[in-house]
Amino acid sequence: MTVHVTNHLNFRGDARAALEFYHSVFGGDIAVVTYQDAHNVQSPAEANQVMWGQVAAPNGFRVMAYDVPARLPWDPGTNAFFVSVRGDSAAEITALWDKLAEGATVAQPLAPSGWTPLYGMLKDRFGVTWVMDVATEYKAP
C-alpha cells in the first residue's frame, strides 16, 4: 500500500493566484474548479473562487488549494504549517528557490547547513512558509 501526502493550502480569495504562481515555479499540470463550475455557489461574490485546485508536476511536486468561503472561519495562522521541498541536487533546489523567492520574505537564506548542502526558509508572497533543502542521508552520531 502506498500513501501520498499532499499539502492542502487554504486561502480567502487568493487560491487561483497562488496555484498559478506555484505552477509557474514547479511546472506540471494545473486544475481549478470554481464554486460556479461545481454548481455550489452560496454567495454570488464567490462564484469564481476556487472550490478545488491542484498543481501536479512530473517531478512529484503536488499541492492543492481552495478559497475558504466567507461564511466559514479562516485564519492563515502564523506557523500553522510549512511546505517542505526536498530535491536531489543543489541546482534543482536553487532554481526552485529563486522562483519562490520573488516577492517573498526570506527567514533563512538558501545556504549550506550542518545537515545538507543547501537549506533555506522563506514566506512566499501568499504567506505560505516553505523550507527547502537537498535530500541527504542523515547519519546519527
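Because the model is predicted, local features need pLDDT of at least 70 and side-chain atom pairs count only at pLDDT 80 or more, whereas totals for chains, interfaces and linings use all residues. Residues are numbered from 1 along each chain as its sequence is written, and side-chain values use heavy atoms, with hydrogens and water left out.

## Overall fold

The secondary structure of the chain comes to two helices and eight strands, where helices (H or I, at least four residues) and strands (E, at least two) are DSSP runs numbered from the N terminus. Read from the N terminus on, the elements follow the order β-α-β-β-β-β-α-β-β-β. Taken along the principal axes, the C-alpha atoms fill a box of roughly 55 × 35 × 25 Å. Of the 141 residues of the chain, 34% count as buried; here buried means under 20% relative accessible area, exposed over 50%, and partly exposed in between, with a 1.4 Å probe and protein chains only.

## Charged residues

Side chains of opposite charge can pair when their charged atoms come close. A salt bridge is taken as a side-chain nitrogen of Lys or Arg within 4 Å of a carboxyl oxygen of Asp or Glu, and by this rule the count comes to one salt bridge. Aspartate 133 forms a salt bridge with arginine 86, and the closest N and O atoms are 2.9 Å apart. Aspartate 133 lies in strand S8 and arginine 86 in strand S5, so the pair ties together parts that are 47 residues apart in sequence. The two partners can also be described by their accessibility: aspartate 133, at 6% relative accessibility, counts as buried, while arginine 86 is exposed, with a relative accessible area of 52%.

Aspartate 124 is placed in the loop between strand S7 (119-123) and strand S8 (129-134). A polar atom of the side chain of aspartate 124 does, however, lie 2.7 Å from the backbone nitrogen of phenylalanine 126.

## The largest pocket

About 370 Å³ of space lies in the largest pocket. Of the 17 residues that line this pocket, the closest to its centre are Asn59, Gly60, Phe61, Arg62 and Arg86. On a 1 Å grid over the protein atoms alone, a pocket is an open set of points where a 1.4 Å probe fits, with protein on both sides within 12 Å along at least five of seven lines, and lining residues have an atom within 4 Å of a point. Grid points are joined across faces, edges and corners, and the volume is the space filled by probe spheres set on the points.

The elements that give two or more residues to the lining of the largest pocket are strand S5 (82-87) and helix H2 (90-100), and the largest share, five residues, comes from S5. By class, the lining has six nonpolar, seven polar and four charged residues, with Ala, Val, Leu, Ile, Met, Phe, Trp, Tyr, Cys and Pro counted as nonpolar, Asp, Glu, Lys and Arg as charged, and the others, Gly among them, as polar.

## Single residues and C-alpha separations

Histidine 39 is found in the loop between strand S2 (29-34) and strand S3 (50-56), and its phi is near 55°, a positive value in a residue other than glycine. Histidine 39 is exposed, with a relative accessible area of 74%. Valine 41 is found in the loop between S2 and S3, and is partly exposed, with a relative accessible area of 37%.

Histidine 23 belongs to helix H1 (residues 15-26) and, at 27% relative accessibility, counts as partly exposed. Methionine 132 is in strand S8 and is buried, with a relative accessible area of 0%. Proline 117, in the loop between strand S6 (105-111) and S7, is partly exposed, with a relative accessible area of 41%.

The table gives separations for residue pairs.

| Pair | Apart in sequence | C-alpha to C-alpha |
|---|---|---|
| Histidine 23 and valine 55 | 32 residues | 6.1 Å |
| Valine 41 and proline 69 | 28 residues | 9.8 Å |
| Methionine 132 and serine 113 | 19 residues | 12 Å |
| Proline 117 and valine 32 | 85 residues | 36 Å |

Methods
A polar contact is a pair of N or O atoms within 3.5 Å; within protein, one must be able to donate a hydrogen and the other to accept it, and residues adjacent in sequence count only if both atoms are side-chain atoms.
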